[in-house]
Amino acid sequence: MRVTQGCFSFLPDLTDEQITAQIEYCLGKGWAIGVEHTDDPHPRNIYWEMFGHPMFDLRDAKGAMMELEACRKAFPDHYIRINAFDSTRGFETVTMSFIVNRPKTEPGIRMTRTEVDGRSIRYTHSVQRA
Amino acid sequence: MTDHPTVEAPQTAPQTIDLKAEYEASGVREVLEELDRELIGLAPVKQRIRETAALLLVDRARRSLGLSQETPTLHMSFTGNPGTGKTTVALKMAGLLHRLGYVRKGHLVSVTRDDLVGQYIGHTAPKTKEILKKAMGGVLFIDEAYYLYKPDNERDYGQEAIEILLQVMENNRDDLVVILAGYADRMDRFFQANPGFRSRVAHHIDFPDYEDGELLRIADSMLDGQGYGFSPEAREVMTRYIAIRRAQPHFANARSIRNALDRARLRQANRLFSRDAPVSAADLSTILPEDISVSRVFTGGLKTGRPEEDA
């Protein structure tokens, strides 16, 4: 099942050129770029592993692209996303995040309904490993 | 700039390119003129940079006509004694390469061995890569590059930094230009020991020492930049100072002059402060002969030989 998290996730996968252009946009705004990866696309898994340090003081997207290349090499079958962190006072948070790498076959996510007291229903999502 | 050596459009091409117009449009002229205006002396360096600019302009024209595809090797080495303007020229070079479109951003990242080489195993590679990432799209200026290579210590991590550098210099020629700088003789030895560098560095630019007259003009322009000026007698003392200082150890060209002027300003401030009379604007901005003449340079220099404490 195609995971849709972050920006552009309903579009076809971005090409490297498009990723470069997006990173250029982020750098133009003065945001720091971080590369993160995970093998667990559960929607509640918000803490992905960092790949290297977040990159402050970058001037050109190529620097981040090199890091992304290294991450793809190390984890070709993981989800990889690029985060742009805005350190401006008042924001100090990730302002943009988009997936740049997906496993060849994405795991499904199954929803389980549990009936509890009365007619209430609890929902549980679990990632279906192949 | 009218006697530019390469003002000829390629004849065989289907279309022609007006190199003069390219030259004007690219903004290279401003950089070269700025270089001429702001840097005193350094005639051979300016000549080399003009030649390099011409080469790059022609190369760009060739590429736009489809005559060549390859990005030329742009890595450079700047050799010369301390204080001869290597960093300043590197800054201008970054601007030049940016205007010609050879680097995308045109910023200068200036580093030394400490910024590249780590302190323990596994520390060097991330550190070097971090710097390289920051330098992408611009110019990486490695000052005193020969310190990267320490032949007497085979466990030195410098070698690791060198290998990463070489790899990036080869694979990312479109993304970054590396300038290695240092003393001429030591850089020669460095290149001999690292043939990989020698073959990847296309442009070697040698920075000559300044003449006495040039140093005096540099002193003038430095003072002028800070809103000070020499009195005529002080200027004469400064001329003598330069001649004597040159022969003493740890002479670092323009940097020695800057330090001498800083100390002259210090003495001037003390002199004005210890005086009882009110001071005028002219007093506040004039260096008098006694501000320079009490320097130890005139009494044979500093015996302990501590560097840069010698005026």
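Visitor: How many helices and strands are there in chain A?
Guide: In this predicted model, chain A has 2 helices and 6 strands, and reading along the sequence gives the pattern α-β-β-α-β-β-β-β.

Visitor: What box do the C-alpha atoms of chain A fill, and what share of the residues counts as buried?
Guide: Taken along the principal axes, the box is roughly 60 × 35 × 25 Å, and 27% of the 130 residues of chain A count as buried. Among contacts in chain A between residues at least 6 apart in sequence, those joining residues at least 24 apart come to 50%.

Visitor: And chain B, what does its secondary structure come to?
Guide: Chain B has 14 helices and 7 strands, and its C-alpha atoms fill a box of roughly 75 × 55 × 30 Å along the principal axes. Of its 311 residues, 34% are buried, and 77% of the contacts in chain B with a separation of 6 or more are between residues 24 or more positions apart.

Visitor: Into which domains is chain B divided?
Guide: Domain 1 of chain B covers 19–207 and domain 2 covers 212–299, with 34 Å between their centres when these are taken over C-alpha atoms. The contact between these domains takes 7 residues from domain 1 of chain B and 9 residues from domain 2 of chain B.

Visitor: Which classes of residue are on the domain 1 side of that contact?
Guide: On the side of domain 1 of chain B that touches domain 2 of chain B there are 2 nonpolar and 5 polar residues, with no charged residues.

Visitor: Switching to the two chains, how many residues are in contact between chain A and chain B?
Guide: The contact involves 9 residues of chain A and 9 residues of chain B. On the side of chain A that touches chain B, the division by class is 3 nonpolar, 1 polar and 5 charged.

Visitor: What about the largest nonpolar core, which members touch the most others?
Guide: That core has 55 residues, and the members that touch the most others are Met93(B), Leu97(B), Val139(B), Val178(B) and Ile179(B). Its largest share, 7 residues, comes from H3(B). As general background, nonpolar side chains tend to be buried together in soluble globular proteins.

Visitor: With which residues is Met93(B) in contact, leaving aside its neighbours within four places in sequence?
Guide: Met93(B) is then in contact with Ile49(B), Val139(B) and Ile179(B). There is also a second, separate core of 21 residues, and among its members are Ile19(A), Met55(A), Cys71(A) and Phe98(A).

Visitor: New topic, where is His123(B)?
Guide: His123(B) is in the loop between helix H5 (113–116) and helix H6 (124–135) of chain B. The C-alpha atom of His123(B) is separated by 8.9 Å from that of Tyr157(B), a residue 34 residues apart from His123(B) along the chain.

Visitor: Why does His123(B) count as partly exposed?
Guide: His123(B) counts as partly exposed because 13 other C-beta atoms lie within 10 Å, whereas a residue is exposed if 12 or fewer do and buried if 20 or more do.

Visitor: Which phi value does His250(B) have, and where does this residue sit?
Guide: Phi of His250(B) is near 60°, which is a positive value in a residue other than glycine, and His250(B) is placed in the loop between helix H11 (232–247) and helix H12 (253–273) of chain B. His250(B) counts as partly exposed, with 16 C-beta neighbours inside 10 Å.

Visitor: And Asn253(B), is that residue buried or exposed?
Guide: Asn253(B) is buried, because 22 other C-beta atoms lie within 10 Å. Asn253(B) lies in helix H12 of chain B, and its phi is near 45°, a positive value in a residue other than glycine.

Key: Residues are numbered from 1 along each chain as its sequence is written. Chains are lettered from A and ligands numbered from 1 in the order in which they are written. This is a predicted model: local features need pLDDT of at least 70, side-chain atom pairs count only at pLDDT 80 or more; totals for chains, interfaces and linings use all residues. Domain bounds come from an automatic or database domain assignment. Ala, Val, Leu, Ile, Met, Phe, Trp, Tyr, Cys and Pro count as nonpolar, Asp, Glu, Lys and Arg as charged, and the others, Gly among them, as polar. A nonpolar core is a set of buried Ala, Val, Leu, Ile, Met, Phe, Trp, Tyr and Cys residues joined through C-beta atoms within 7 Å. Helices (H or I, at least four residues) and strands (E, at least two) are DSSP runs, numbered from the N terminus.
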